[in-house]
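The terms are given with their cut-offs as they come up.

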Amino acid sequence: MVTFYKPEQTFLSGSKTLAREYFVSPEIFAAETERIFTRRWFCAGHVSRIPNTGDYFLLDAYEENIIILRDQAGEVRAFYNVCRHRGTRVCEGAEGRLSKSIQCPYHAWTYGLDGKLIGAPLMKDVGDFNKDEYPLHTVHLHIWQGLIFLNLAGSPEPFEQSFAPLVEKFKHWRGWDLSKLMSERRVRYDLKANWKLVFQNYNECYHCAPLHPQLAKISPPTSGENDFNEGSVLGGFMLITDAESLTVSGRVCAIPVGDIPPEDHQRVYYYSIAPNMLLSLHPDYVMFHTIWARSPGDTVIFCEWLFHPEAFGRADFHPDDGIEFWDQTNRQDWHICELAQLGISSRAYRPGPYSPRESLPAAFDRDYLKQMGR
């Protein structure tokens with residue numbers, strides 16, 4: 001049985017916000033790239049983005065460019081976008097569909113969708129050359145609930161070990177199968193704020209009453225209870241009251257995402273999955289954010305909305321009702337994160353005390369400092 005706790009029940013007295021340097025220092029950002037972003041599993045997107053053989057998209061992630069595609073066997077694969085000849089990027093278009101191969105535009109070395117080198121012009125006279133020794137370099141990949149996770153480390157920690165709480169929860173969580181859902185919309189946001197401010201903001205609703213009146217009206221800020229209070233996965237649920245879902249109209253905007261239990265029709269589950277994902281489970285749609293740190297004060301966020309495949313084309317399918325609700329809420333959050341970045345950048349800033357309603361931001365900070373070796 002899952003046990004939920006009010007935020008204040010797991011609050012550690014004396015918790016304070018991080019020091020200024022963690023939000024503005026290029027040296028710390030470089031250390032984050034080395035110790036966190038290139039060592040931990042991060043979400044690249046949902047499999048519905050590449051439904052057919054040959055479908056692909058390019059991902060810019062932590063100074064690397066990665067090809068993510070579906071091969072002829074239907075498997076999702078990830079490769080560094082680097083030719084094995086002289087290092088040229090083999091794929092240029094941001095997304096699209098490949099035929100049966102990928103060809104480098106420089107010297108026409110050609111690779112199958114499985115990454116194997118299948119053509120290398122004029123190389124047959126090179127005595128010690130063996131095509132089998134020059135496949136595209138693969139990126140460690142794991143599919144969980146239809147979400148594509150990658151890891152740039154040489155020998156990464158097993159995915160199931162990194163995110164054990166969430167993996168174990170979904171094994172017994174009736175009705176939630178994200179792999180079957182389909183994407184309706186994907187929106188990009190550019191923030192002048194540090195990536196950690198996004199996680200800290202997402203993990204508390206202390207700010208919801210003043211910042212999100214439309215959200216607080218139908219989902220009381222004090223209704224939250226958490227089941228993950230420590231580590232890289234944090235979160236729990238909040239109640240939906242006086243409404244059917246979190247939409248502009250207050251009504252559900254699609255058929256349920258699955259055969260979810262009755263109590264979950266009045267709940268939204270929010271989980272942050274460090275270092276780059278926010279997962280929000282509604283009764284009629286699933287929303288997830290991927291967060292891409294570009295510099296200490298520059299972050300790109302993609303927000304995507306998933307629905308049950310049978311919802312599409314129905315008369316009662318109104319995805320904009322939910323998307324517009326969260327687009328407004330997102331922009332309110334991103335604006336306040338930018339204001340926080342500006343204030344924290346001041347020489348006058350000093351770490352301040354967290355409130356008991358902010359136990360999860362404090363827990364995020366503890367896990368972050370642990371990963372940084374501090």
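A pocket is taken here, on a 1 Å grid over the protein atoms alone, as an open set of points where a 1.4 Å probe fits, with protein on both sides within 12 Å along at least five of seven lines, and its lining residues have an atom within 4 Å of a point. Grid points are joined across faces, edges and corners, and a volume is the space filled by probe spheres set on the points. The model is predicted, so local features need pLDDT of at least 70 and side-chain atom pairs count only at pLDDT 80 or more, whereas totals for chains, interfaces and linings use all residues. Residues are numbered from 1 along each chain as its sequence is written, and side-chain values use heavy atoms, with hydrogens and water left out.

By these criteria the largest pocket holds about 420 Å³ of space. Its lining consists of 18 residues, and those nearest the centre are Thr17, Leu197, Gln200, Ala340 and Ile344. Helices (H or I, at least four residues) and strands (E, at least two) are DSSP runs, numbered from the N terminus. On that basis, helix 5 (195-202) and helix 8 (319-344) are the elements that give two or more residues to this lining, and helix 8 provides the largest share, 5 residues. With Ala, Val, Leu, Ile, Met, Phe, Trp, Tyr, Cys and Pro counted as nonpolar, Asp, Glu, Lys and Arg as charged, and the others, Gly among them, as polar, the lining of the largest pocket has 11 nonpolar, 5 polar and 2 charged residues.

The second largest pocket has a volume of about 310 Å³. Of the 19 residues that line the second largest pocket, Leu58, Leu59, Asp60, Arg186 and Phe302 are the closest to its centre. The elements that each supply at least two residues of this lining include strand 1, strand 2 (55-61) and strand 11 (182-191), and the lining divides into 9 nonpolar, 3 polar and 7 charged residues.

Strand 9 is joined to strand 10 (residues 147-151) by 5 bridges, and Leu141 stands opposite Leu150 in strand 10.

Notes: Two strands pair if DSSP finds at least two bridges between them.
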